[in-house]
Amino acid sequence: MGARKREMAERLKEIKKQTAIAKLNDVPTSPRKMRLVADMVRGVEVNRALDILKYSKKEASNRLGKLVRSAIANWEAKNEEDRKELENGNVYIKTLMVDEGRTLKRIRTAPQGRAARIRKRSNHVTIVLGVKNQPVKEEA
């Protein structure tokens with residue numbers, strides 16, 4: 001049983017070496033606003049995703065664009081021999097998660113001597129890049 005677990009752990013390590021991950025923590029944008037932008041580029045090829053983010057009016061698209069560029073740099077560092085995959089358009093955004101971060105609570109005055117709470121939300125964004133599998137052509 002122990003050898004089997006060790007073998008599985010080694011396999012997971014190899015898979016982790018191939019995947020490029022980039023994280024952006026405590027982004028001062030509400031998760032809902034960030035998810036609107038994330039949904040536009042999830043599953044899209046990275047160069048096309050950068051174009052979409054560049055011409056988006058949303059403020060969150062600037063931060064997400066920087067994060068995609070960071071993930072591309074991480075992918076290039078791990079896959080130096082496969083750089084042509086990036087130029088061929090085979091690298092895509094495999095997963096893009098937007099999780100809720102901490103919420104800063106502030107107080108604003110309200111009518112009739114009351115106090116109203118303001119919630120300043122933040123989020124955490126995680127990107128994982130993958131490579132599309134090309135069909136292998138068999139020579140007859």
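Predicted model: local features only at pLDDT ≥ 70, side-chain atom pairs only at ≥ 80, totals over all residues.
Two packed helices are described by the angle between their axes and the distance between the axes. In the model, helix α2, spanning residues 31-41, and helix α3, spanning residues 46-54, have axes that come within 9 Å and cross at roughly 140°. An angle over 145 degrees would count as roughly antiparallel, and α2 and α3 are therefore classed as oblique to each other. The crossing in which α2 passes α3 is right-handed. On the side of α2 the contact is made by Val-37, Met-40 and Val-41, while α3 contributes Ala-49, Ile-52 and Leu-53. The residues of this contact of α2 with α3 comprise 6 nonpolar ones, with no polar and no charged residues.

Ser-122 is placed in the loop between strand β4 (115-120) and strand β5 (123-131). Its relative accessibility is 8%, and Ser-122 therefore counts as buried, the cut-off for that class being under 20%. When residues up to four places away in sequence are not counted, Ser-122 touches Asp-26, Val-27, Pro-28, Thr-29, Pro-31, Glu-100, Gly-101 and Arg-102. With Arg-102, moreover, there is a polar contact, in which the side chain of Ser-122 reaches the backbone oxygen of Arg-102 at 2.6 Å.

Glu-87, by contrast, lies in helix α5, which covers residues 83-88. Because its relative accessibility is 68%, Glu-87 counts as exposed, a class that begins over 50%. Glu-87 and Arg-121 are 34 residues apart along the chain, and the separation between their C-alpha atoms is 37 Å.

Key. Residues numbered from 1 in each chain as written. Heavy atoms only, no water. Helix = DSSP H or I, 4+ residues; strand = E, 2+ residues; numbered from the N terminus. Buried < 20%, exposed > 50% of the residue type's maximum accessible area, 1.4 Å probe, protein only. Polar contact = N/O pair within 3.5 Å; in protein donor to acceptor, adjacent residues only side chain to side chain. Contact = heavy atoms within 4.5 Å. Axes fitted to C-alpha atoms, helices over the stretch in contact; angles between N-to-C directions. Parallel < 35°, antiparallel > 145°, perpendicular 65-115°, else oblique. Left-handed = near helix turned anticlockwise from the far one by under 90°. Nonpolar A, V, L, I, M, F, W, Y, C, P; charged D, E, K, R; others polar.
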